[in-house]
Amino acid sequence: MTTESASPSSRKRGISAILAVQEEEFIESVSSGEPPKTRRRMDESPAQEQGQETRRKDANPPVKQNEETATISHPQAAVFFSCPDVSTMKPKAVPFQQPSQLISFSYTPEHVQEFTDSALRYYVDPPLGSRLNYGYDRWVRKPDDRGRIDALLKAISKVKRDSARGGGLPEIAVVSWRGVMTKILTVPYENRDAWELNVMLVNGTLYLEEHLTEDRLREKNNMDARQRSQTYYGYAFESYCTSETPPGEASAGNIPGAPLGWGGDVDTHIQWCSVVRTKLGDMRMIMGGEVDCVKGKYTGQTDTFVELKTSLTIRGRQDEERFERKLLKFYFQSFLLGVPEIVVGFRTPAGVVTTVQLFKTIQLPRMVRDKPGAWDPLVCLDWASGFLKELTQRVVDDRVDDTSASVWRARFVPGKGVSMMALDAKELEDVVNGEDRVGFLPRWYWDEIKEEVRATSVKEKQMPMPTLANAGWQI
């Protein structure tokens, strides 16, 4: 079976017409009690179909405010960047540079980071009729945690120390995980899910890390049975779509006792991640994110990356509109890492795959243009560019010769905007969480930045002053 690519003519007919299915053609899965081998697995859990708003916690008056932010109160922090009116907004065309991969890394079954491609998977066509509940009882699920930025910082550190990569990086304005940047970019159209970010500005670089309260972590780790099964469907689809070996190479074939196309049991400790360099407007950015698989040969760049998603089968116009809204997050999750293709498995509520459709990432905005509730990526890019610049102006820029750092909290409320406040000592203690950190940055990384600043300062002092042709000329 091969996936279909959405053509211009098919877009005119609407997604529901493209994805018409015939249940009588379903392929029955093979059943057996013999457990298959453990699979190597990559990506973060798919967005839940029934999201919940992040709980907002009370807080105490802020500390270490500068003159510009002194008017911000806490917990009733003033919204400093309001959500735009997308019906009237005329966005500026903010350029976004094609992402270029700096480095990749894997997580082992013990969730240990290693700079290899051991967890890399290759795309294969999944069979129609695949049952996404298969292997559910053997799912090895990594618990949700605080989502620290440490692994991304280790990758950046390695790139800086690797002379083969040029021995360093230009000045970087923003460092974050891809998921954080997706949240920021989709703010203009987000009407359901709130979020909170911890923010630090160190030597001109903005570091962003999602803030999850203990209550929110408990919610994520104690999903009800329905949420848990629907989350698993996304991982199971990845297993049907991926292989440990590239196309054309010798493969063990079907796993004895497993359904046709099953790639191995799901273990969410195992992940393959890409770290890319890009640019939003004039702001250089480094982002990292998990990649599901590559199609064909892995080139060391993003051009063969594939994102895998699942969604309920479309039965009418209401379903189609709901899916088109979901495409906004699908789009930016892929766009930010330079992923060119998204493969969506449409399923029944019981988790049976009815249709598999391939979408080109760059074509998604045209698919929804001029439709009711349509989204415009230019609105998102313009808003995010302004927001990040505003953050840089609002927060205190800490220098690494300090022994402590300011941490700020950006809090988004759907339909309203983002409020900003500096954290007090008690809140900062919660962010550090008893670990060896300066703010939320690990101390080893803070020390590396300090050493870079010291080395640069010494080098500048040792450089001879250039001779001026007219030394007495002044303006």
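Reply: There are 33 salt bridges in the structure, which is a predicted model. Side chains of opposite charge can pair when their charged atoms come close.

Glutamate 214 belongs to helix 5 (residues 214-221), while arginine 146 sits in the loop between strand 5 (122-123) and helix 3, so the pair ties together parts that are 68 residues apart in sequence. The two partners may also be considered by their cover. Glutamate 214 has a relative accessible area of 40% and is therefore partly exposed. Arginine 146 is buried, because its relative accessible area of 14% is under the limit of 20%.

A second salt bridge joins arginine 138 to aspartate 137, with 3.7 Å between the closest N and O atoms. Aspartate 137 counts as exposed, because its relative accessibility is 67% and the limit is over 50%. Arginine 138, at a relative accessible area of 26%, is partly exposed.

Is glutamate 307 buried or exposed? Glutamate 307 has a relative accessibility of 1% and so counts as buried. Lysine 309, with a relative accessible area of 9%, is buried as well.

Beyond these pairs, a network of salt bridges links Arg148, Asp150, Glu209, Glu435 and Arg437. Asp150 leads on to helix 3 (residues 150-161), where it is among the buried residues, together with Ala151, Leu152, Leu153, Ala155, Ile156, Ser157 and Val159. The twelve residues of helix 3 should span 16 Å at 1.5 Å a residue, and the end C-alpha atoms are 17 Å apart, which agrees.

The largest nonpolar core has 65 residues, of which Met181, Ile184, Val199, Leu208, Phe387 and Leu388 touch the most other members. A second, separate core of 30 residues includes Ile156, Ile286, Val407 and Trp446. Leucine 208 itself touches residues including Ile149, Val174, Val175, Met181, Val199 and Phe440.

Ile286, a member of the second core, falls within strand 11 (residues 283-290), in which seven of the eight residues are buried. Strand 11 has two partners to consider. Strand 6 (residues 174-177) runs parallel to strand 11 and is joined to it by four bridges; here tryptophan 177 stands opposite glycine 288. Strand 10 (residues 271-280) pairs with strand 11 in the antiparallel sense over eight bridges, with arginine 284 as the bridge partner of lysine 279. Strands 10 and 11 form a hairpin with two residues between them, and glycine 281 in the turn has a positive phi of about 60°.

Finally, the chain as a whole has 475 residues, of which 52% count as buried. Eleven helices and 20 strands make up its list of elements. Among contacts with a separation of 6 or more, 79% involve residues 24 or more positions apart. The accessible surface comes to about 22,200 Å², and carbon and sulfur atoms account for 50% of that surface.

Terms used. Residues are numbered from 1 along each chain as its sequence is written. This is a predicted model: local features need pLDDT of at least 70, side-chain atom pairs count only at pLDDT 80 or more; totals for chains, interfaces and linings use all residues. Side-chain values use heavy atoms; hydrogens and water are left out. Buried means under 20% relative accessible area, exposed over 50%, partly exposed in between (1.4 Å probe, protein chains only). Two strands pair if DSSP finds at least two bridges between them. A nonpolar core is a set of buried Ala, Val, Leu, Ile, Met, Phe, Trp, Tyr and Cys residues joined through side-chain atoms within 4.5 Å. Contact means heavy atoms within 4.5 Å. The expected span of a helix is 1.5 Å times one less than its number of residues. Accessible areas come from the Shrake-Rupley method with a 1.4 Å probe; for residues, only the protein chains shown count as cover. A salt bridge is a side-chain nitrogen of Lys or Arg within 4 Å of a carboxyl oxygen of Asp or Glu. Lists of a residue's contacts leave out its neighbours within four places in sequence.
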